[in-house]
Amino acid sequence: MTSRFAFWAGCVSKGACRELSVSTKIVAERLGIELVELEANTCTGAGVIGERDPAAAYALNARNLAIAERTGLPMLTQCSTCQGVLSQVNLAFKKDPKLLERANDAIRPEGYTYSGGQAVKHLLWVLAGDIGPAKLRKKVVRPLTGLRVAPFYGCYILRPSEALGFDDANDPKSMETVIEALGATPVRYEGRTKCCGFPISMMNNDASLRMAGTHLLDAKQNGANVLCTPCPLCHLNLDSRQPDVERHMKKDIGLPVLHLSQLVALALGVDPKELKLPTHIVDTRPVIEALR
Amino acid sequence: MAARKTKKEQRKKVTLRILRFDASKAEDASFEEFTIDAPQHFTLLDCLIHIKERVDGSLTFRRNCRNAICGSCAIRVNGQAVLACKEHIHDLAARYGKNIEVSALGNMAVIKDLVTEMRPFWEQYKAVRPWLITANHAPETHKENRMSPHDREKLVQTADCIQCGACYSDCNSVQVEPRFIGPAALAKAWRFVADTRDEGNNERLKIYEQPHGHWDCTHCFYCIEVCPMDVAPMEQILKLRRFAMDLGKKSTGQRHHDAFVGSIRKDGLLDELTLPLKSHGLDLAGQLSLIPVGVRMALHGKMPPLRHPKIENADEVRRVMHRAQNAGASGATSGQEDLQ
């Protein structure tokens, strides 16, 4: 398995979810993965730039992928949204070479050309696929028995399946595979493949809160004592806004939300104090207590 | 004459767990299992017809053409909307295993078994005025409204819609916001906005820009994933959005998009601190709604940095975006290009 990756942390993990990069880097180190950080990359646009101006989004991401290509390494992402956008761009370029040509026209004067062939993988896929559950299980120092983990995939890492393709978009298994390998119990619930509501938090706040609330309550009703997500944008709506969700739904939820790499870090024996868990809005101490 | 040897068709035993329900009875919905020794050519619809004809005549479902054109037989398999006549049962078994759960479409009340009340779907459909709006009903020249093949091409994808309801069933926004016009209606809306014969854009935009119009779409890709005709409703919604924004229609969504693009053009990274403020603009209620989460995040050390970081070579990014945005034919924006 490749042990070196060109690493794109993503905007949110440089800002509102800084704790994510901390745990990803610790996990990479413990698993023998070298991360070569991409300093010159821009935001992928999160689908928002692609909505407003597809040509700009293609050009920006052709530049991002060309920079990664120069390292000669596959790219690693820790955000479902970054993964989704880059995968969609790669597919669009494959289906319509004119789009790639046009994007290259925009970046060539800066000295970049993108071939169209840069591999981009989410940490989840590396854990579930490249490393695999058997090897991952061997690395577990603190089995997460006591944790009933509800996986929240997030839209961009599953759909459209033509662009992503790692998991079955309707019945994904990669999170469950990782959760089981770490010694925890995965919780099955309907909301695990649905939208967290983050994209419409500005445009229809109530609907956004209802989306988050419906899936959080669904997870809880099915026995979860923690939610885990591979997307920091989902994390923001499910964790940072959970008190707003509770107020809108008129129901207590109190379900802690972990980033995927935080869950892995705990299983690898990392001291919880290293993971910046107090940044989370919903208290994560019950998770640590459940592990004792 | 020697008897012709026919190749024996492969068969597979498949169990359908069908959610039975009758709204006229006071009983909860419950699953019933039917095992079929299905030949390879059987679709899911063939299985349902087989059950109805030979096992349980009370099984109720809509169907007509059996040929993926009438749109009647949309149902859910393991929670995902499909067109029953388009799914080969052996393929479903290969994907999901031999036990397959079948239920009615979502986001609509169930009348009986696999039949749903589609009136809300049709009401939303009518709401976007899905017909040609023109004063020119009797053209003088050529006695017909001419459209070039190039212009016709713009409509093909969205015109393929067979109104099966699969996208509406699985729409994550409709699930929590039944007032949302929905993906099928908005895809049809684009079909008319893009139609060169249509003159009703001002009237249409008034509808689409109001609350629960296209801005309620949460960009989850479910409609693209489930559409059996590759209409890609979300793509059509985005074309509508670009069209409205290019026309200068102001809204929180438009401010959000422009602020996002502006942030990347300036710094290469997203300025998370100012984005929500710029999105809400002069909407006081919107600005006030940010205070609780803002304070909470600040207290937990989650505030994005006040001095927003730039990437190295931020100038380069500006030039790349400028080039991309102005590369369209005669300097057209991406939104304008959707119509060219």
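## Terms and model

Buried means under 20% relative accessible area, exposed means over 50%, and partly exposed lies in between (1.4 Å probe, protein chains only). By that rule A150(A), at 0% relative accessibility, is buried.

This is a predicted model, in which local features need pLDDT of at least 70, side-chain atom pairs count only at pLDDT 80 or more, and totals for chains, interfaces and linings use all residues. Residues are numbered from 1 along each chain as its sequence is written, chains are lettered from A and ligands numbered from 1 in the order in which they are written, and side-chain values use heavy atoms, without hydrogens and water.

## Helix α1 of chain A

Helices (H or I, at least four residues) and strands (E, at least two) are DSSP runs, numbered from the N terminus. Helix α1(A) covers residues 18-30, 13 residues in total. From first C-alpha to last it reaches 19 Å, close to the 18 Å expected at 1.5 Å a residue. The expected span is 1.5 Å times one less than the number of residues. Just after α1(A), G32(A) takes a positive phi of about 75°.

The buried residues of α1(A) include L20(A), I26(A) and V27(A). The buried residues of this helix pack against several elements of chain A, among them β1 (4-8), β2 (34-37) and α6 (123-139). Packing here rests on contact, meaning heavy atoms within 4.5 Å.

## Strands of chain A

Two strands pair if DSSP finds at least two bridges between them. β1(A) and β2(A) pair in the parallel sense over four bridges. F7(A) stands opposite E37(A) in β2(A). Four of the five residues of β1(A) are buried, so the strand is largely enclosed by the rest of the structure.

Four strands of chain A form an open sheet in the order β6-β5-β7-β8, with parallel pairing. β6 (185-186) and β8 stand at the edges with a single partner strand each, so one side of each has no neighbour in the sheet. β7 (residues 226-229) and β8(A) pair over three bridges. There, C228(A) has L258(A) in β8(A) as its bridge partner. A150(A) is found in β5 (residues 148-151). Leaving aside neighbours within four places in sequence, A150(A) is in contact with residues including V187(A), V226(A) and C228(A).

## Salt bridges

A salt bridge is a side-chain nitrogen of Lys or Arg within 4 Å of a carboxyl oxygen of Asp or Glu. E110(A) and R319(B) form one of them, at 2.8 Å, N to O. This pair crosses between chains, from the loop between α5 (97-107) and β4 (120-122) of chain A to helix α14 (residues 314-325) of chain B. E110(A) is buried at 15% relative accessibility, while R319(B) is partly exposed at 40%.

In chain B, D170(B) and R76(B) form a salt bridge, with the closest N and O atoms 2.9 Å apart. D170(B) lies in helix α5 (residues 166-170) and R76(B) in strand β3 (residues 74-77), so the pair ties together parts 94 residues apart in sequence. Both D170(B) and R76(B) are buried.

## A buried strand residue in chain B

A81(B) lies in strand β4 (residues 80-83) of chain B. A81(B) is buried at 2% relative accessibility. Beyond its neighbours within four places in sequence, A81(B) has contacts that include R76(B) and D170(B).
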